[in-house]
Amino acid sequence: MTTPQELKEIVSEGLLSFPVTDFDQNGDFNAKTYAARLEWLAPYGATALFAAGGTGELFSLAPEEYSDVIRTAVQTCAGKVPILAGAGGPTRTAIAYAQEAERQGAKGILLLPHYLTEASQDGIAAHVEQVCKSVKIGVIVYNRAQSRLSADSLARLAERCPNLVGFKDGIGDIEAMVSIRRKLGDRFSYLGGLPTAEVYAAAYRALGVPVYSSAVFNFVPKTAMDFYRAIAAGDHDTTNRLLDDFFLPYLEIRNRKAGYAVSIVKAGAKLVGHDAGPVRAPLTDLTGEELEMLNALIKKLGPQ
């Protein structure tokens, strides 16, 4: 078993990503094409992959499907790249998912928001603490949507939960991020987690958050790695070129509809010959016109 501290070291450097989950035309999990996807992505150099994360449509998976997704990812990537598993939803559901991921051999847990229900700082902290104490593997908490922990709440959790080793920010509140980074120091590994994280990567690096998770790694993995290396090296010519030529036009498509942050990634995978099938409701797929726009952007990048 990977210890929590070992997990912290794994996710403290390099590029992270979260594979989309493959569905067939009937909308059922397709383990064969999902395994092929992971085999394709593994050699490109991501430090770790998050199975059944937000882009992996965790929120739409039934419990038995979740088990299949995590098992397939762990078995396919054994000895190649570490697999972390998403868990989320109501506290008991999140605990069940976390324990199942641990049983299947995942190296750690990314704890996604509890969804919808508004809650106090004490309530959110209790939710995180119960999930952490339900497993022995390391946990990274994802600050996003209704699940927003303050620096003080995180400090108390850090004392109570030795296996809480990471903090991923998907909110973009700079004041809060600076407060958390200064208060917690090196107690956590810090991950940038805003949608299309490349757009924010330089700013987050300046805040002491050098690691981020890339969605576009799902379909332009070489470009995703090139951008990460350019950010790490301070190569502004490369980052500015890729922002202007790809990422900012990409955002214009992604921002057309709510939920497209997932849909556009599946569309990209389809366009490069690694079709993951449709998204599940309530998400919607890109239109034909939007697919053509995205395809033009991908072709400009060249071979991957």
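Where does Ala 52 lie? Ala 52 sits in the loop between S2 and H3.

## About the model

This model is predicted: local features need pLDDT of at least 70, side-chain atom pairs count only at pLDDT 80 or more, and totals for chains, interfaces and linings use all residues. Residues are numbered from 1 along each chain as its sequence is written, and side-chain values use heavy atoms, with hydrogens and water left out.

## The loop between S2 and H3

Strand S2 covers 48–51 and helix H3 covers 63–77. Helices (H or I, at least four residues) and strands (E, at least two) are DSSP runs, numbered from the N terminus.

Ala 52 is not a glycine, yet its phi is positive, about 55°. Glu 57 lies in the loop between S2 and H3. Its phi is positive too, near 60°, and Glu 57 is a residue other than glycine. Most residues other than glycine have a negative phi.

Ala 52 counts as buried because its relative accessibility is 0%. Glu 57 has 0% relative accessibility, so it counts as buried. Buried means under 20% relative accessible area, exposed over 50%, and partly exposed in between (1.4 Å probe, protein chains only).

## A nonpolar surface patch

Phe 59 is also placed in the loop between S2 and H3. Phe 59 counts as partly exposed because its relative accessibility is 40%. Phe 59, Tyr 115 and Leu 116 form a nonpolar patch on the surface. Together they have about 330 Å² of accessible area, from the Shrake-Rupley method with a 1.4 Å probe, where for residues only the protein chains shown count as cover.

Like charges are joined within 9 Å, nonpolar side chains (Val, Leu, Ile, Met, Phe, Trp, Tyr) within 5 Å.

## A cis peptide bond

Ala 281 and Pro 282 are joined by a cis peptide bond, with omega about 15°. Most peptide bonds are trans. Pro 282 is in the loop between helix H11 (260–271) and helix H12 (288–301).

Note on methods: Patch = residues over 30% accessible without salt bridge, like charges linked within 9 Å, V, L, I, M, F, W, Y side chains within 5 Å. Salt bridge = Lys/Arg side-chain N within 4 Å of Asp/Glu carboxyl O.
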